[in-house]
Amino acid sequence: HEGGDWCDRIPRVGVPGERSEWSCAYRSGKRLGSSLHEEKANARTGSYPTNLTNFGEHFEFFSREPENNWMHDWNHVMVRYCDGGSFSGTSRKRVRAEGKAKGEVTLYFRGKAVSGAIMTDMLSKRGLAEATDVVVAGSSAGGLGVMMQGDDWTAALTTHARMQDRLPPRVVLLIDSGFFPAYQAHNVKCRYKERMAAVFKLHKPSSTTLRKCRKANPIEPWLCMFGSRLLPHIQTEYFAYLSAFDSWGIPRVLCADSEAEINKLGGAFRHEVLASFRASDGAHVNGIYIDPCRHHTKCWSHMQVDGDSPQSAFYKWYHGRSEQR
């Protein structure tokens, strides 16, 4: 599941310092708002190739190189991110708004329907129904989407297998940099907590995991847009790979260059992650890898903590060779 921030409002941003991509109308004219703009964006920037072999240069768990990825000979699928709501929106609202170019565009907030259509297509036409092992992965906003929708993927795969008199596959979730602290900065460039509340209101996300989370947070259900509130309600076994000093989060969540403030946020982040990790369902032994380096995704095989890269730690966890959770 691809990432790419979230859109929390319909009109274009009007306050200096706010980011254009926060507007759903603006995103509709970009590759993060419609696959119609895929080829134009790739030709202009040379980034985000649709060929997954080349995409492995960006996100190494797509790599076909054995030394970079122990899943190099698996089938790989990239789920494009076009809805701005982490693949989870269920709003029936259909809005006409001024697009990036002149003229109006129609906006939809139905990421959940997109996710469901992809599940159906993969199971009925792409051979996913015959899989024995499935890793549902996501990075950044896609990682949040996997936390939200992972149990629904597991349910769909299990139900389909049983209908076909097959053994259900093993399904695990791989969450890459999709966990950010529920922090509210005063700087107009951030206001992350406020923004995620707006995303929740606009997109109306829904899933099995979200319903459980909302029940546990009835007064402020929008807090379920944060990984710390979601992890305890996920039933599928998962492995999370995170940076304590995420290079996307520092300028967009903290908005401070002070070393003391950054270290304080990093400490709070570790506490928040580990507390929610320990509160997770005890039916599975989940895994977590936190490194102290400043990056955002894209460090699958090069980073090492106690001699293990994220890739090798995931391998050991997946095959039951890790002595620690």
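## Helix 4 and its packing partner

The buried residues of helix 4 pack against helix 5 (141-163). Here, buried denotes under 20% relative accessible area, exposed over 50%, and partly exposed the range in between, with a 1.4 Å probe and protein chains only; helices (H or I, at least four residues) and strands (E, at least two) are DSSP runs numbered from the N terminus.

This is a predicted model, in which local features need pLDDT of at least 70, side-chain atom pairs count only at pLDDT 80 or more, and totals for chains, interfaces and linings use all residues. Residues are numbered from 1 along each chain as its sequence is written, and side-chain values use heavy atoms, leaving out hydrogens and water.

## Geometry and faces of helix 4

Helix 4 spans residues 111-125, 15 residues in total. From its first C-alpha to its last it reaches 21 Å, close to the 21 Å expected at 1.5 Å a residue, where the expected span is 1.5 Å times one less than the number of residues.

In helix 4, the buried residues are Gly111, Ser115, Met119, Met122 and Leu123. They cover an arc of only 105° around the axis, which puts them on the same side of helix 4; the arc is that of the directions from the helix axis to the C-beta atoms. An α-helix has 3.6 residues a turn, so residues three or four places apart point the same way. Thr120, Ser124 and Lys125 are exposed on the face of helix 4 turned away from its buried side. Just after helix 4, Gly127 adopts a positive phi of about 90°.

## Asp152 in helix 5

Asp152 belongs to helix 5 and is buried, with a relative accessible area of 12%. Leaving aside residues up to four places away in sequence, Asp152 touches Lys112, Met119, Ser207 and Thr208, a contact being heavy atoms within 4.5 Å.

## Helix 5 against helix 7

The axes of helix 5 and helix 7 (residues 208-216) come within 6 Å and cross at roughly 120°. Helix 5 and helix 7 are therefore oblique to each other. At this crossing, Met147, Met148, Asp151 and Asp152 of helix 5 meet Thr208, Thr209 and Leu210 of helix 7.

## The chain as a whole

The secondary structure of the chain comprises 11 helices and 6 strands. Of its 325 residues, 52% count as buried. Among contacts between residues at least 6 apart in sequence, 68% join residues at least 24 apart.

Terms used:
Axes fitted to C-alpha atoms, helices over the stretch in contact; angles between N-to-C directions. Parallel < 35°, antiparallel > 145°, perpendicular 65-115°, else oblique.
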